[in-house]
Amino acid sequence: MMVYLKRTDASDPDFIQLVKQLDSDLAERDGKEHSFYAQFNKIDSLKQVIVLYEKDVAIGCGAIKAFNPTVAEIKRMFVLPACRSRGLATKILLELQQWAGELGFHSCILETGKRQVEAIQLYQKQGFRITPNYGQYAGIENSVCFEKILPATKKQLF
């Protein structure tokens, strides 16, 4: 099975298609809260996007954007439902962390919803730790926020 990752930006048509599917998945899970979250998930400003392909078909995506000069926020993580439980989201997440480190970020943060149980498990398995909700998610009951210090930063500390 040929799986590969492509670094691109938010204008990528495959990314745009995957995000449409992600948004419809989230609309189902989040119900009436979806419009609150949707306002923070606009993709037009994303300059660092990963699209994962299998046999030249786009099946997953993720992105990073600067939260501040040292922190990158992971956004729009998604793998098609039929392709889940195969470690593909881990590949995307690792590539996003790698890219964030290359860009000089020291850590990554992200938000997911309490109903995205698979996402929470993924982030914990990959060494992200739950933090107090940040920014627009502060005080939002359904949000779970995470942070991970990037490995390159740890090396520089010692």
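Reader: Which residues are linked in a network of salt bridges?

Author: The network joins Arg7, Glu95 and Glu102. This is a predicted model, in which local features need pLDDT of at least 70 and side-chain atom pairs count only at pLDDT 80 or more, while totals for chains, interfaces and linings use all residues. Residues are numbered from 1 along each chain as its sequence is written, and side-chain values use heavy atoms, with hydrogens and water left out.

Reader: Why is the contact of Asp12 and Lys6 called a salt bridge?

Author: The term requires a side-chain nitrogen of Lys or Arg within 4 Å of a carboxyl oxygen of Asp or Glu. For Asp12 and Lys6 the N to O value is 2.6 Å, so the pair qualifies. The structure holds 8 salt bridges.

Reader: What makes Asp12 buried or exposed?

Author: Buried means under 20% relative accessible area, exposed over 50%, and partly exposed in between (1.4 Å probe, protein chains only). Asp12 has 6% and therefore counts as buried, whereas Lys6, at 30%, is partly exposed.

Reader: What does the salt bridge of Asp23 and Arg76 tie together?

Author: The closest N and O atoms of Asp23 and Arg76 are 2.8 Å apart. Asp23 lies in helix H1 (residues 13–30) and Arg76 in strand E4 (residues 71–79), so the pair ties together parts that are 53 residues apart in sequence. Helices (H or I, at least four residues) and strands (E, at least two) are DSSP runs, numbered from the N terminus.
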